[in-house]
Amino acid sequence: MEVREFRPMNTRFLETFLWAARLSSFSAAAERLHTTQASVSNRIAALERELGVLLFTRDVRCVNLTPAGRMALQHAEKIINLTGEFRQIVSSREALRGTVRIGAADTIVYAWLPLLIRRMHEQYPGVSLDLTIDTSLKLSQRIQNGEVDVGFIMGPIMSADIYNAPLCTFESCWVGAVELPLPETGVTLEDIAHFPLLTFSTGSQPHQALRALLDSHGLSDSRIYNSNSLSIMTRLVAAAVGVGALPRVLVDGIIKSGEARILDISPSVPPLTFHTVYQERGDNAIARAIADMATEIVSETTTQWMTSVA
């Protein structure tokens with residue numbers, strides 16, 4: 001009987017195998033891992049020799065998993081994830097070093113992002129922060145490109161290698177400056193359709209939902225003003241430029257100051273659901289830790305304008 005010498009398995013080879021399987025391409029895996037296609041091919045070949053099985057069938061344009069490869073993929077994902085968790089658990093929080101790149105939409109900034117950053121500083125004092133505030137559409141692309149480690153966006157991202165989890169939902173509302181010439185009660189969509197309607201950037205989920213709502217009520221000619229800066233939208237509402245279709249958390253300040261009021265209009269503005277998203281890879285344990293931290297903060301800071309997603 002042949003007895004094989006036991007050797008520790010190279011986790012880099014396993015990670016290479018994971019990306020090649022997910023992308024069905026050695027060249028795409030090489031680009032993702034910032035290496036060469038030849039290096040990827042060599043790692044896969046070495047892994048196949050060590051395991052004694054063929055993991056992929058090769059084609060000119062793509063590679064496909066063999067039955068053995070499909071079975072190996074399930075276990076490789078577990079090993080890589082456990083490796084990342086091992087590093088996270090064994091390393092002391094003070095010993096952790098590096099930079100974590102967080103992407104968040106404006107609405108999160110107005111709600112609980114400052115609390116998350118403060119808690120990060122307390123629990124991971126050696127970790128630096130690279131913070132990007134942008135639209136969910138742009139952040140989605142940056143997360144898929146590996147430019148952002150963990151994002152809080154209006155998701156989800158439909159990609160096999162991206163982890164998505166519902167995080168929180170924000171109540172939205174119709175809001176207008178108190179000086180707008182609108183009835184005190186009984187305001188209708190037709191009443192506000194004469195004013196510019198202020199909302200998120202073009203192509204965003206809120207913009208599409210608002211456009212669909214107007215179309216369904218025969219108000220397709222209504223003017224919609226868009227911006228990727230929700231602070232600008234809020235100021236335009238206060239300045240009586242138009243009527244906002246915005247999250248309540250964004251306009252709470254101008255309502256309390258008496259500059260604006262909630263307009264009780266039916267149908268109401270749809271709520272906004274945000275997701276935690278990050279790439280599922282073995283070295284992304286800090287992203288998982290921050291995602292869990294965000295979930296804790298959401299549950300702690302639930303208010304009248306934010307409810308946790310079941």
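This is a predicted model: local features need pLDDT of at least 70, side-chain atom pairs count only at pLDDT 80 or more; totals for chains, interfaces and linings use all residues.
Residues are numbered from 1 along each chain as its sequence is written, and side-chain values use heavy atoms, with hydrogens and water left out.

Now the strand. Buried here means under 20% relative accessible area, exposed means over 50%, and partly exposed is in between, with a 1.4 Å probe and protein chains only. Strands are DSSP runs of E with at least two residues, helices are runs of H or I with at least four, and both are numbered from the N terminus. In a regular strand, side chains alternate between the two faces of the sheet. Strand β7 covers residues 172–177, and because 6 of the 6 are buried, the rest of the structure largely encloses it.

Next, the neighbours. Two strands pair if DSSP finds at least two bridges between them. β7 runs antiparallel to β10, residues 243–247, with 4 bridges; V175 has G244 as its bridge partner there. β7 also runs antiparallel to β11, residues 260–263, again with 4 bridges, and A177 stands opposite A260.

The sheet as a whole is open, with 5 strands in the order β9-β8-β10-β7-β11 and mixed pairing. β9 (224–226) and β11 are at the edges with a single partner strand each, so one side of each has no neighbour in the sheet. β8, residues 197–199, pairs with β10 in the parallel sense over 2 bridges, and L197 has V243 as its bridge partner.

On to the cysteines. C173 is buried because its relative accessible area is 5%, whereas C62 has 27% and therefore counts as partly exposed. Disulfides, taken as pairs of cysteine sulfur atoms within 2.5 Å, come to 0.

Last, strand β4. Where does L129 lie? L129 lies in strand β4, and it counts as partly exposed because its relative accessibility is 33%.

That is all I have.
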